[in-house]
Each structure stands twice: as structure tokens, then as C-alpha cells.
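Here is a quick tour for anyone opening this structure for the first time. Keep the 3D view at hand and follow along.

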Amino acid sequence: MPEVSSTPARESKKSTWVQTERSAHEAWARLIAKAPMAARLAHVLVAHMSPTNNAVVASQATLGELMASPGERPVHRNSVRNALSILVAERWIEIIQIGGKGGALAYVVNAHVAWSRARNDIRYSVFSAQVIASEAEQNESLDNRPKLRQVPVLMRGEQQLPAGPGEPPPSQPMLDGLEPDLPFLQDETPVKKPADDDQIPLIE
């Protein structure tokens with residue numbers, strides 16, 4: 001079977017193993033003989049899926065790029081679409097529609113997504129997924145994009161202290177001490193308390 005060209009999207013050294021069942025290996029061997037393109041796509045999805053929910057969000061064109069071997073052209077969308085249909089029919093994956101017709105699709109490998117019913121009696125699902133985007137599908141170059149505004153990350157117990165110049169006129173500066181807090185991300189990393197051995201003795 002052709003070698004998948006791209007490395008998995010996740011880089012964490014703690015998530016380099018994917019546990020599988022022996023019966024799945026036997027079924028996968030039959031899938032390779034029956035539908036080699038679908039088996040190749042299954043390998044790509046497993047290699048790039050989120051370790052928390054076994055889900056991948058990517059366009060069919062991007063999946064075609066990931067399925068291609070080095071030096072090959074991307075696999076055609078029709079071939080990707082046919083491979084997905086086989087994987088769904090054989091119960092290898094589940095497809096979740098995001099954003100209605102024409103929106104993104106989440107491909108869930110071997111794990112059902114939990115759906116809950118809200119107050120308005122509409123069922124929703126909240127799950128994590130590995131999102132893969134291709135540069136070829138972007139509207140502008142990725143090299144010269146302007147930097148985003150920075151959102152502060154606060155440790156537990158920290159407060160915001162505005163500093164630096166404000167925007168140029170006609171912007172009206174805030175009064176000192178009355179600046180509103182920016183939206184921020186809360187860092188939940190536990191603060192390590194220094195042990196007695198770690199304390200530096202004072203020099204008199």
C-alpha cells in the first residue's frame with residue numbers, strides 16, 4: 001500500500017501510540033483487498049485524529065493531499081468521497097455535519113459522538129477534533145499575514161495592568177486606573193510551591 005506522505009498533525013510526544021484491536025487488524029486487511037483507497041484514507045484519519053475524541057475536521061481536498069504519496073498529485077475528490085462512503089457503510093467512521101449543507105465535516109473514527117438535548121428541544125453535541133487546513137484553500141498567502149492582536153494569558157490570582165502607549169488620535173485615552181479588562185485566557189497550570197530545599201538562603 002502506498003506510503004502516506006504527510007506526518008500526523010499532532011506533535012505531542014505523549015500521543016505517539018494508537019491502540020487497536022486484533023479483530024480490527026483482520027477487518028482492515030480485508031478492507032485493503034476490497035477497497036485499497038478507503039483503507040489508505042482510514043490510515044490517514046487515524047494518524048491525524050484528535051486523541052481526545054477520535055475526530056478530524058478537514059476538507060475532502062485536504063484529505064486528498066494527505067493521502068498522496070511524495071511526488072504524487074493529490075487524490076481526486078471523487079475518489080476521497082467514494083472512500084468516505086465505503087468507510088461509513090463499513091462502520092469505520094461516523095460523519096458529523098458542521099454548519100449545515102456546504103459546511104465543514106467532522107470524521108469520527110470508531111467512537112460515537114454524544115448528543116444532548118437543550119432547553120429548546122434541539123440536540124447539540126460538543127466534542128474536540130483535530131482541525132487540518134491546507135494552504136491551497138486559503139484566500140491569501142500565509143507568509144505576509146499581519147500579526148493578530150494579543151490576548152493576555154493570566155495565571156491564577158493575576159490581574160491586568162495596562163501599560164504602553166495607546167492608539168493614535170482621534171482615539172481618546174482612558175483615565176488611569178479605569179481601563180476595562182481585556183478578554184483573557186485562564187492558565188490552569190497549577191503553581192508549584194517551592195520546597196524547603198529549593199529556597200535560596202539569604203546572605204547577611
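## Ground rules

Let's start with a term that comes up a lot: a residue is buried if its relative accessible area is under 20%, exposed if over 50%, and partly exposed in between (1.4 Å probe, protein chains only). Take Thr-62, which is buried with a relative accessible area of 2%.

The model is a predicted one, where local features need pLDDT of at least 70 and side-chain atom pairs count only at pLDDT 80 or more, while totals for chains, interfaces and linings use all residues. Residues are numbered from 1 along each chain as its sequence is written, and side-chain values use heavy atoms, with hydrogens and water left out.

## The overall layout

Helices (H or I, at least four residues) and strands (E, at least two) are DSSP runs, numbered from the N terminus. The protein has 4 helices and 8 strands, and reading along the sequence gives the pattern α-α-β-α-α-β-β-β-β-β-β-β.

Of its 204 residues, 23% count as buried. Contact here means heavy atoms within 4.5 Å. Among contacts in the protein with a separation of 6 or more, 63% come from residues 24 or more positions apart.

Two strands pair if DSSP finds at least two bridges between them. An open sheet is formed by 4 strands in the order β2-β3-β1-β6, with mixed pairing. Its edge strands, β2 and β6 (130-131), each pair on one side only.

Zoom in on β2 and β3: they run antiparallel and are joined by 6 bridges. Gln-97 sits opposite Leu-105 in β3, and Ile-95 faces Tyr-107 in β3. The two strands make a hairpin with 5 residues between them, and in the turn Gly-99 has a positive phi of about 85 degrees.

## What sits in the core

A nonpolar core is a set of buried Ala, Val, Leu, Ile, Met, Phe, Trp, Tyr and Cys residues joined through side-chain atoms within 4.5 Å. The largest one has 27 residues, and those with the most contacts inside it are Leu-31, Leu-41, Leu-45, Leu-87 and Ile-93. At least two residues each come from α1, α2 (36-48), α3 (60-67), α4 and β3 (104-109), with α2 giving the largest share, 7 residues.

Which residues does Ile-93 contact, leaving aside its neighbours within four places in sequence? They are Leu-45, Leu-84, Leu-87, Val-88, Tyr-107, Val-108 and Val-109. There is also a second, separate core of 5 residues, including Val-57, Ile-96, Ala-106 and Val-108.

## Helix α3, mostly tucked away

Helix α3 is largely enclosed by the rest of the structure, because 7 of its 8 residues are buried. Those buried residues are Gln-60, Ala-61, Thr-62, Leu-63, Gly-64, Leu-66 and Met-67, and they pack against α2, α4 and β3.

Back to Thr-62, which belongs to this helix. Not counting residues up to four places away in sequence, Thr-62 touches Ile-132, Ser-134 and Glu-137. Its side chain also makes a polar contact with the side chain of Glu-137 (3.2 Å). A polar contact is a pair of N or O atoms within 3.5 Å; within protein, one must be able to donate a hydrogen and the other to accept it, and residues adjacent in sequence count only if both atoms are side-chain atoms.

Now find the loop between α4 (77-89) and β2 (93-98), where Glu-90 sits. A salt bridge is a side-chain nitrogen of Lys or Arg within 4 Å of a carboxyl oxygen of Asp or Glu, and the count comes to 1. It joins the side chains of Glu-90 and Lys-34 (2.7 Å, N to O). Lys-34 is in helix α1 (residues 22-34), 56 residues apart from Glu-90. Glu-90 is partly exposed at 35% relative accessibility, whereas Lys-34 is exposed at 59%.

Arg-91 lies in the loop too, and it is exposed at 70% relative accessibility. Its phi is near 65 degrees, a positive value in a residue other than glycine. For background, most residues other than glycine have a negative phi.

Trp-92, also in this loop, pairs with Trp-28 in helix α1, 64 residues apart. Rings of Phe, Tyr and Trp (its six-membered ring) pair if their centres lie within 6.5 Å; planes under 30 degrees apart count as stacked, over 60 as edge-to-face and the rest as tilted. Here the centres are 5.4 Å apart and the planes are at 55 degrees, so the pair is tilted. Both Trp-28 and Trp-92 are buried.
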